[in-house]
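User: I'd like to go through this structure piece by piece. Could you show it first, then take my questions?

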Amino acid sequence: MKYMLMIYDPADYWDATEDEQTADYEQQVSFSAWLREQGITFIGEALQSPTTSTTLRTRDGETTITDGPFIELKEVLGGFYLFDAPDLDAAIAIAKRCPAANIELRPVWE
Amino acid sequence: MTHPLPDATIAALYEREWARVLGTITHLTRDLELAEDATQDAFIAAIDSWPQSGIPTQPVAWLIATAKRKAIDRLRRQTTLQRKLPLLIVPDTTHDDDPTDGDDVIPDETLRLIFTCCHPALAPDARVALTLRLITGIPTADIATLFLVSEPTMAARLTRAKRKIQIAGIPYRVPPKAEMPARLPAVLQVIFLLFTNGHGARRGPEFVRPTHIHHAERLARMLVALLPDDAEATALLALIVLAEARRPARHDADGELILLPDQDRRRWNHALIAEGLARTRRALVLSAGDPGPYALEAAIAALHTEASSYDATDWEQVVSLYNMMMDRAPSPLIALSRAVALGERDGPAVMLTEVDRLADDPALHAYAALHIARGDALAGLGRVTEASVAFEAALATSQNAQEIRSIQRRLARLPRSS
């Protein structure tokens, strides 16, 4: 099965110092390395701050474009991985290795 | 040639073997909803064909084979045939970790079902309900009654949970030991509910449903074999064994219910009592001074079984154990049991005060036991007219034929006037 691992960060996460962000990035790099070692097929990306988001709403064929995220939240999507795992328990075991405090796992429509 | 209608046989098989058939089909199809439908189909097929063909020599094997065929039929009607058919032919065994680490206990399909339904990724309120539904096959309406919600609410909850198991890929297995602690409380609760439901089914004609108790006992034994050092699992088994020990005395020759004070203690099963007491002691040792709810329940049951008569019960200890339970996990039902124990220790006036304090609890108001306890206290005080009003209220709330007759006997025993 395919799972999406979503990392949620506090909305002010992107205000962190460059050093803090680099340290975090390196943790994710070593997690990616571990995934590769395990032979797990995956892709993963880190996202820019939601203040850089653009939202599109289409009603009756009319699209409105606005600045900012779809919904203002205290914790926002900061990055994701998409990977293959045999079942939810295996996916949870992988997610436990991911260096992040808040993770949501969702199966991908197949 | 026709055979006598095997309806009773099929009903008994349904109670006893539903989970085994469902578990096997789930194992093969990895699809709970499909397995549930196919199992239902197989029992319907038995009702249709056994009166003509007679009962097969191996009814469970027949049911499993039929359910398997019904599952394939259902799959054929779906577009997923290509994807799932191979699983029906070659069962997927890649995730069958052996949680027993070489132990001689082979967890059966029922245990696998329970652990799957108690996965922490499922909503807590759905876990126990789903497990009960799947391992006993009891109707959704009855489960809704047990959880005090409406039938549509319960049906929606069950459907959501089954979909999640399927779509999120929750594996169908007994988890490795490291993952057990997170699932154990829900598993224990299911076994406990099965056991209490077997002992005091609130609906229907019989007060004791031995099949449910046997399920509960068998599952508790398997759990203890899996986790021999778990205090609460051991305590739950102790509790069930002690109740089983008393069962022979719970009924008179006509099958009528005899309550604890009136039971002939010589009819108790003393081998089971010895086992139950030993398991209670072990549970208390394992809980190392911090007994959980099942250890406390087992300790209370042990005090009852150790007493030579009802009056000789160590009520002081019973009350203090109920106090501990109220400190840890208060519930209206425990409060009611505590009130009755207080009454035995301090007399009917105290009991009445305690019961009246609970009477406003909406969860208890619809519960016949509250009104029975109130009636007993009033009768003990000689307030006959009020006692009969309380027993009438109990009659109005009870949905169980045996309980109703037990209340009617109380009414009949009241003196004519006060």
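**Loops, sheet and helix contacts**

User: Between which two strands of chain A does the loop with Asp60(A) lie?
Analyst: Strands and helices are DSSP runs numbered from the N terminus (strands: E, at least two residues; helices: H or I, at least four). On that basis, the loop holding Asp60(A) sits between S3 (54-59) and S4 (62-67) of chain A.

User: Before we go on, what kind of model is this?
Analyst: Residues are numbered from 1 along each chain as its sequence is written, chains are lettered from A and ligands numbered from 1 in the order in which they are written, and side-chain values use heavy atoms, leaving out hydrogens and water. Local features need pLDDT of at least 70, side-chain atom pairs count only at pLDDT 80 or more, and totals for chains, interfaces and linings use all residues, as this is a predicted model.

User: Back to Asp60(A): buried or exposed?
Analyst: Buried means under 20% relative accessible area, exposed over 50%, and partly exposed is in between, with a 1.4 Å probe and protein chains only. Asp60(A) also has a positive phi of about 50° although it isn't a glycine. Its relative accessible area is 84%, so Asp60(A) is exposed.

User: Ala288(B) has a positive phi too; what is its value?
Analyst: Ala288(B) is found in the loop between helix H12 (270-286) and helix H13 (293-306) of chain B. With a relative accessible area of 63%, Ala288(B) is exposed. It's not a glycine either, and its phi is about 45°.

User: In what order do the four strands of the open sheet in chain A run?
Analyst: Two strands pair if DSSP finds at least two bridges between them. The pairing is antiparallel, and the order is S2-S5-S1-S6.

User: Which strands stand at the edges of that sheet, and why is one side of each left without a neighbour?
Analyst: Each edge strand has a single partner strand, so one side has no neighbour in the sheet; the two are S2 (42-46) and S6 of chain A.

The edge strands are S2(A) and S6(A).

User: In S6(A), what is the bridge partner of Met4(A)?
Analyst: On the S5(A) side, Met4(A) stands opposite Leu82(A). Leu5(A) stands opposite Leu105(A) in S6(A). For Met4(A), the S6(A) partner is Arg106(A).

User: At about what angle to S6(A) does helix H2 of chain A run?
Analyst: H2 (residues 88-97) of chain A lies across S1, S5 and S6 of chain A, with contact meaning heavy atoms within 4.5 Å. Against S6(A), the angle is about 150°.

User: How are H16(B) and H18(B) oriented to each other?
Analyst: H16 (residues 348-358) and H18 (residues 368-380) of chain B pack at about 150°, with their axes 8 Å apart. Under 35 degrees counts as roughly parallel, over 145 as roughly antiparallel, 65 to 115 as roughly perpendicular and the rest as oblique. So H16(B) and H18(B) are roughly antiparallel.

User: By class, what residues make up the contact of H6(B) with H8(B)?
Analyst: The axes of H6 (residues 124-136) and H8 (residues 151-168) of chain B come within 9 Å and cross at roughly 90°, which makes H6(B) roughly perpendicular to H8(B). Ala, Val, Leu, Ile, Met, Phe, Trp, Tyr, Cys and Pro count as nonpolar, Asp, Glu, Lys and Arg as charged, and the others, Gly among them, as polar. The contact has seven nonpolar, no polar and four charged residues.

User: How far is Ala144(B) from His270(B) in space?
Analyst: Ala144(B) is found in helix H7 (residues 140-146) of chain B and, at 2% relative accessibility, counts as buried. Leaving out residues up to four places away in sequence, Ala144(B) touches Val149(B), Ser150(B), Glu151(B) and Met154(B). His270(B) is 126 residues away in sequence, and the C-alpha to C-alpha distance is 37 Å.

Technical notes. Axes fitted to C-alpha atoms, helices over the stretch in contact; angles between N-to-C directions.
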